[in-house]
Amino acid sequence: MSAAQDIHTPVTPEELAHTFDEAPAHVDLKVYAFEDWLTLGLFWVMTACVFLQFFTRYVLNDSYAWTEEIAVNCLIGVVFMGSVMCVRMSRHIQVDVLYHYLPARVTRIMATAVDIIRIGFFAYGSWLMWRYMEIVADEEMVTVQLPRNIVFYTVLAAFVLMLGRSIQVFIANMRRGYSVLERPEAFQNAED
């Protein structure tokens, strides 16, 4: 045994029980939007499919083929709908090192350009997804007799929602006078 051994003070059961007397933290569900709840639902459907696939494959030794396809399609929905939340909260990966070294006027112009480019990107992505859906409109899933359009419409809806959310972020940044790129510390309390 080492000399720097941790010393634990004994705690009575009553003292231990009183540690749970604290009031539960206030939970504010208003910070979540429609796409967050849809993403959560898709996540749990995907989780159920993966569990069912695991159970049927390793416990029953006879897996259901459709569970993998449904889980993959749910994962596509989770990724794209989750991206809508990231756009709304300005949480996508971003490089802001230049914003620390350049004058405020230049960074304001750069941040505005980033917002405009993001809006253009999501508008173009929405248009491309619409065009893609016209090409593959009649496809069906491989293992389930369902149209693949379910997945494609989800991705299209996500792009349209990201477009709308990026416009909202742009308007909020213009009203506020700065974005998360310029002043990340102002957005730190939004996580708490």
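The following is a conversation about a predicted model, taken one region at a time.

Colleague: Let us begin with α2. How does the distance between its end C-alpha atoms compare with the span it should have?

Modeller: Helix α2 has 26 residues, and at 1.5 Å a residue it should span 38 Å. Its end C-alpha atoms are 37 Å apart, which agrees.

Colleague: Which residues of α2 are buried?

Modeller: They are Glu35, Asp36, Thr39, Leu42, Met46, Cys49, Gln53 and Thr56.

Colleague: And what covers them?

Modeller: The cover includes α3, residues 66-88, and α5, residues 149-176.

Colleague: Is Val27 buried or exposed?

Modeller: Val27 is exposed, as its relative accessible area is 61%. Its C-alpha atom is separated by 32 Å from that of Leu156, a residue 129 places away along the chain.

Colleague: Now the other end. Which residue with a positive phi follows α2?

Modeller: That residue is Asn61, with a phi near 60°. Asn61 sits in the loop between α2 and α3, and its relative accessible area of 68% makes it exposed.

Colleague: What is the phi of Ser90?

Modeller: Ser90 is not a glycine either, and has a positive phi of about 55°. It lies in the loop between α3 and α4.

Colleague: Is Ser90 buried or exposed?

Modeller: Ser90 counts as buried, at 12% relative accessibility. Asn61, by contrast, is exposed.

Colleague: Back to the helices. At what angle do α3 and α5 pack?

Modeller: The angle is about 5°, and the axes are 8 Å apart. The two helices are therefore roughly parallel to each other.

Colleague: Which residues make that contact?

Modeller: From α3, they include Asn73, Ile76, Gly77, Phe80 and Met81. From α5, they include Val151, Thr154, Val155, Phe159 and Arg165. By class, the contact has 13 nonpolar, five polar and two charged residues.

Colleague: Is each of them buried or exposed?

Modeller: Phe122 is buried, with a relative accessible area of 7%. Phe159 is also buried, at 13%.

Colleague: How do Tyr178 and Phe187 pair?

Modeller: Tyr178 and Phe187 form an edge-to-face pair, 6.2 Å centre to centre, with 80° between the planes. Tyr178 counts as buried at 18% relative accessibility, and Phe187 is buried with a relative accessible area of 16%.

Colleague: Finally, which residues do ring pairs link into a cluster with Phe159?

Modeller: The cluster joins Phe159 with Phe80, Phe121 and Phe122. Of these, Phe80 and Phe159 also take part in the contact of α3 with α5.

Key: Residues are numbered from 1 along each chain as its sequence is written. This is a predicted model: local features need pLDDT of at least 70, side-chain atom pairs count only at pLDDT 80 or more; totals for chains, interfaces and linings use all residues. Side-chain values use heavy atoms; hydrogens and water are left out. Buried means under 20% relative accessible area, exposed over 50%, partly exposed in between (1.4 Å probe, protein chains only). Helices (H or I, at least four residues) and strands (E, at least two) are DSSP runs, numbered from the N terminus. The expected span of a helix is 1.5 Å times one less than its number of residues. Contact means heavy atoms within 4.5 Å. Axes are lines fitted to C-alpha atoms, for helices over the stretch in contact, and angles run from 0 to 180 degrees between N-to-C directions. Angles under 35 degrees count as roughly parallel, over 145 as roughly antiparallel, 65 to 115 as roughly perpendicular and the rest as oblique. Ala, Val, Leu, Ile, Met, Phe, Trp, Tyr, Cys and Pro count as nonpolar, Asp, Glu, Lys and Arg as charged, and the others, Gly among them, as polar. Rings of Phe, Tyr and Trp (its six-membered ring) pair if their centres lie within 6.5 Å; planes under 30 degrees apart count as stacked, over 60 as edge-to-face and the rest as tilted.
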